[in-house]
Amino acid sequence: MGPMTASTGRRVLLAAPRGYCAGVDRAVIAVEKALEQYGAPIYVRHEIVHNKYVVQTLEKKGAIFVEQTAEVPEGSIVMFSAHGVAPTVHEEAAAGRLATIDATCPLVTKVHKEAIRYAKDDYDILLIGHEGHEEVIGTSGEAPEHITLVDGPEDVAKVEVRDPSKVVWLSQTTLSVDETMETVDALKDKFPLLVSPPSDDICYATQNRQLAVKQMGAEADLVIVVGSRNSSNSKRLVEVAKLAGAREAYLVDFASEIDETWLDGVSTVGVTSGASVPEVLVEQVLEYLTERGFEDVEIVKAAEESITFSLPKELRRDLRAEAAALVAERTGRPAPAAE
Ligand code: 2E6
Ligand code: F3S
């Protein structure tokens with residue numbers, strides 16, 4: 001800004017943490033590694049993560065996204081998305097002679113295991129989540145006879161169980177923390193002996209992104225959330241921003257979707273992104289805002305994140321074999337025996 005120009009008073013609050021969580025990072029790298037190791041095509045059942053840009057980028061590299069395992073030609077490699085799959089999907093893949101790589105987020109797998117355990121103990125499981133969402137379909141598939149979906153507080157009235165003294169609630173990983181607590185309170189009113197999950201099912205990344213947007217939303221006139229329409233955790237950030245006090249909050253896949261009129265009369269814009277969103281897309285939004293006088297960027301930091309997950313086991317095994325082959329080739333030392 002030149003010395004003669006008055007400050008515009010326009011500023012950006014940038015949420016931290018935002019963007020990629022450990023499960024998304026792992027899943028996206030898994031597709032890239034599989035393409036490197038085995039070559040194209042790698043089939044991916046369902047969008048690896050719910051982000052348009054990620055899917056388009058991986059498609060260009062040779063990934064083919066399908067909705068059903070039946071669409072994958074026999075003898076191919078298929079990867080399961082970060083959202084998880086029901087056991088029947090593993091069975092279909094085996095029947096179709098497909099090699100599988102499971103990129104289910106370990107924190108989704110944790111919820112699957114809880115479902116299996118409570119079903120084994122013959123509990124009725126009330127799974128709080130959004131109807132039709134891929135994760136909920138996968139988790140429900142672990143114990144369909146034991147699981148009832150509860151899609152928000154308004155669903156509680158119609159919930160029925162076999163034995164009200166043997167009921168547990170579990171949840172999807174990407175829900176609104178506050179709305180889930182409302183649902184749980186309503187469920188507890190109805191079933192006072194309701195058991196809670198052994199640990200948080202709403203994952204750390206969902207919780208932290210909501211915390212940051214809450215802090216930011218209280219001060220922002222407008223909040224722009226970068227994320228895709230089918231991304232549950234990204235959509236929740238829009239809701240949380242509005243509840244926190246932002247006058248408006250919008251979800252955009254790309255900076256080009258921002259409508260100039262959103263900035264009318266706005267002096268503070270909050271920016272954040274969902275757990276499936278690459279940072280480059282946020283950078284483009286910040287550029288767009290800079291060009292319109294929002295040059296001042298302040299970070300609103302709600303939590304520190306350092307968690308990472310190792311690659312899916314199928315890829316780790318092959319990476320080890322590849323590394324051993326390289327050692328053998330370069331040094332003449334024999335590869336170690338397989339475990
Ligand atoms: C897997 C599980 C949870 O729609 P949702 O928020 O679940 O999914 P993505 O792909 O937008 O976010 C990451 C993710 C993957 N969350
Ligand atoms: Fe996993 Fe949570 Fe990300 S469940 S994929 S860490 S949003």
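What follows is a short chat about a predicted model.

Q: What are the ground rules for this model?
A: This is a predicted model in which local features need pLDDT of at least 70, side-chain atom pairs count only at pLDDT 80 or more, and totals for chains, interfaces and linings use all residues. Residues are numbered from 1 along each chain as its sequence is written, chains are lettered from A and ligands numbered from 1 in the order in which they are written, and side-chain values use heavy atoms, with hydrogens and water left out.

Q: Which residues surround ligand 2?
A: Cys21, Gly23, Val24, Cys105, Leu107, Thr173, Cys203, Tyr204 and Ala275. Each has a heavy atom within 4 Å of the ligand.

Q: How does that shell divide into nonpolar, polar and charged?
A: Seven are nonpolar, two polar and no residue is charged. Ala, Val, Leu, Ile, Met, Phe, Trp, Tyr, Cys and Pro count as nonpolar, Asp, Glu, Lys and Arg as charged, and the others, Gly among them, as polar.

Q: Switching to helices. How do α1 and α10 pack?
A: Helix α1 (residues 22-38) and helix α10 (residues 313-331) pack at about 40°, with axes 11 Å apart. Helices here are DSSP runs (H or I, at least four residues), and strands are E runs of at least two, numbered from the N terminus. Axes are lines fitted to C-alpha atoms, for helices over the stretch in contact, and angles run from 0 to 180 degrees between N-to-C directions.

Q: Oblique or parallel?
A: Oblique. Under 35 degrees counts as roughly parallel, over 145 as roughly antiparallel, 65 to 115 as roughly perpendicular and the rest as oblique.

Q: And α7 with α8?
A: Helix α7 (residues 204-217) and helix α8 (residues 232-244) pack at about 30°, their axes 8 Å apart. That makes α7 roughly parallel to α8.
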